[in-house]
Amino acid sequence: MAIEPETKNWTWVIESACPECGYDGSVVTIRDVPAIIDANTSAWPAVLERPDVRERPDDHTWSALEYAAHVRDVHRKMAQRLALMLAEDAPAFPNWDQDATAVEDRYGEQDPATVARELGEAAHHAARAFEAVSDDQLGRTGLRSDGSAFTVGTLATYYAHDPVHHLWDVRRTR
């Protein structure tokens, strides 16, 4: 069954608390992000060992496996975007259709153990990349294809919400 594509612009989480998962971007800085990512990543292996990992809780919600594969790809995408921002002046990010990727890459059919390993590797890489950002790089900018502008600092805050929110998603649907 197809999931309706996500259309929300979540950039508001940079400045406000998410009423669903509780993540509060207004108090998170780039220096907090590596620890947030590391703590979040440690919870995913248990999620991916659940016997119902492939089951969608309803017609509108991904399975835990699909969420985990998405989170893995978010880590990869944000590390790529950070590298682009550090290498180029005000780059425009290539568009990423996360819903099309979920279908094309068959998230729900992937091996949970492989996703767990890859999620851990991608998260570690991204967390260390954000950790290595120097203070003089925080103001470098990048532009998402929908026009949303980020600094390195706001990209980090925005990024950290995604895995936190999706872990909340898979825990609430049990």
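Good morning. I begin with His161, whose place is in helix α5. The model I am presenting is a predicted one. Is His161 buried or exposed? With a relative accessible area of 5%, His161 is buried. Leaving aside residues up to four places away in sequence, His161 touches Trp10, Val13, Cys18, Cys21 and Tyr23.

Two of those neighbours are cysteines, which raises the matter of disulfides. A disulfide is a covalent bond that joins the sulfur atoms of two cysteines. How many disulfides does a search of the whole structure find? The search finds zero. For Cys18, the nearest cysteine sulfur is that of Cys21, 3.7 Å away, and Cys18 is in no disulfide. A disulfide would require the two sulfur atoms to lie within 2.5 Å. Cys21, whose nearest cysteine sulfur is that of Cys18, is likewise in no disulfide. As for accessibility, Cys18 is buried, at a relative accessible area of 4%, and Cys21 is buried as well, at 17%.

I turn now to the aromatic residues. A pair of aromatic rings is described by how far apart the centres are and by the angle of the planes. Five aromatic pairs are found in the whole structure. One of them is formed by Phe130 and Tyr159: the ring centres are 5.2 Å apart and the planes stand at 25 degrees, so this pair is stacked. Which parts does the pair tie together? Phe130 belongs to helix α4 and Tyr159 to helix α5, residues 152-172, so the pair connects parts that are 29 residues apart in sequence. Phe130 is buried, with a relative accessible area of 0%, and Tyr159 is also buried, with a value of 0%. Elsewhere, ring pairs join Trp62, Tyr67 and Tyr107 into a cluster.

The axes of α1, residues 33-48, and α4, residues 112-131, come within 9 Å and cross at roughly 180 degrees. Angles over 145 degrees count as roughly antiparallel, and α1 is therefore roughly antiparallel to α4. On the α1 side, the contact is made by Pro34, Ile37, Asp38, Thr41, Trp44 and Leu48. On the α4 side, the contributing residues include Val115, Leu119, Ala123, Arg128 and Glu131. What is the make-up of the contact in nonpolar, polar and charged residues? The residues divide into eleven nonpolar, two polar and three charged.

Thank you for your attention.

Definitions and conventions
Residues numbered from 1 in each chain as written. Predicted model: local features only at pLDDT ≥ 70, side-chain atom pairs only at ≥ 80, totals over all residues. Heavy atoms only, no water. Axes fitted to C-alpha atoms, helices over the stretch in contact; angles between N-to-C directions. Helix = DSSP H or I, 4+ residues; strand = E, 2+ residues; numbered from the N terminus. Parallel < 35°, antiparallel > 145°, perpendicular 65-115°, else oblique. Contact = heavy atoms within 4.5 Å. Nonpolar A, V, L, I, M, F, W, Y, C, P; charged D, E, K, R; others polar. Buried < 20%, exposed > 50% of the residue type's maximum accessible area, 1.4 Å probe, protein only. Phe/Tyr/Trp six-rings, centres within 6.5 Å; stacked < 30°, edge-to-face > 60°.
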